[in-house]
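User: I would like to go through this model and ask what stands behind each label. Please set the values against the cut-offs.

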Amino acid sequence: MQEKIKSLIITSLKELNEELENEELENPTSETKLYGIGGLLDSLSLVTLITDLEEKISEEFGENITLADDRAMSQRRSPFRDVKSLAEYIEILLKEDNHE
């Protein structure tokens with residue numbers, strides 16, 4: 001599941017980069033820094049990415065999740081720091097949603 005999620009994130013980053021034209025986002029990987037120290041996205045770009053991802057996740061997994069909520073924002077280590085941490089966070093949300 002996590003590989004599929006990473007793929008969705010990378011696809012979204014590539015689509016977002018068509019607007020941003022940031023060379024460092026042309027070929028994103030699991031280690032690509034998203035937001036925070038060394039991050040490639042500003043707050044507006046992060047919101048755009050989150051909105052796009054929530055839509056893609058809904059289409060792919062049939063689940064509606066909210067990525068930017070109090071839980072995500074209050075974590076000591078932000079789930080938005082890189083592709084891998086975001087994929088792990090999304091996987092947790094999807095698993096919780098399936099067990100409710």
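User: Which helix holds Ser45?

Analyst: Ser45 is found in helix H2, residues 43-61. Helices (H or I, at least four residues) and strands (E, at least two) are DSSP runs, numbered from the N terminus. A word on the basis: this is a predicted model, where local features need pLDDT of at least 70, side-chain atom pairs count only at pLDDT 80 or more, and totals for chains, interfaces and linings use all residues. Residues are numbered from 1 along each chain as its sequence is written, and side-chain values use heavy atoms, with hydrogens and water left out.

User: Why is Ser45 called buried?

Analyst: Buried means under 20% relative accessible area, exposed over 50%, and partly exposed in between (1.4 Å probe, protein chains only). Ser45 has 7% relative accessibility, so Ser45 counts as buried.

User: What does Ser45 touch, not counting residues up to four places away in sequence?

Analyst: Ser45 touches Leu16 and Leu20 on that count. Contact means heavy atoms within 4.5 Å. Leu16 is itself one of the buried residues of H1.

User: What makes the buried residues of H2 line one face of the helix?

Analyst: The buried residues in H2 are Ser45, Leu46, Leu49, Ile50, Leu53, Lys56 and Ile57. Seen down the axis of H2, they fall within an arc of 140°, so they line one face of the helix. The arc is that of the directions from the helix axis to the C-beta atoms. On the other side of H2, Leu44 and Glu59 are exposed.

User: How do the spans of H1 and H2 compare with what is expected?

Analyst: The expected span is 1.5 Å times one less than the number of residues. H1 (residues 2-20) has 19 residues and reaches 26 Å from its first C-alpha to its last, close to the expected 27 Å. H2 also has 19 residues and reaches 26 Å, close to the 27 Å expected.

User: What is found at the start of H2, and what follows H2?

Analyst: At the start, a side-chain oxygen of Asp42 reaches to within 3.3 Å of the backbone nitrogen of Leu44. After H2 comes Gly62, with a positive phi near 70°. Just after H1, Glu21 takes a positive phi of about 55°.

User: Why is Glu91 buried, and what polar contact does its side chain make?

Analyst: Glu91 lies in helix H4. Its relative accessible area is 14%, so Glu91 is buried. The side chain of Glu91 makes a polar contact with the side chain of Gln2 at 2.7 Å. A polar contact is a pair of N or O atoms within 3.5 Å; within protein, one must be able to donate a hydrogen and the other to accept it, and residues adjacent in sequence count only if both atoms are side-chain atoms. Not counting residues up to four places away in sequence, Glu91 touches Met1, Gln2 and Ile5.

User: Why does Asp97 count as partly exposed?

Analyst: Asp97 is in helix H4, residues 83-98. Its relative accessibility is 26%, so Asp97 counts as partly exposed. Leaving aside neighbours within four places in sequence, Asp97 is in contact with Glu63 and Asn64.

User: How does the radius of gyration agree with a compact globule?

Analyst: The radius is taken over C-alpha atoms, and the globule rule is 2.2 Å times the number of residues to the power 0.38. With 100 residues, a compact globule would be near 13 Å; the protein has 13 Å, which agrees. The protein has four helices and zero strands.
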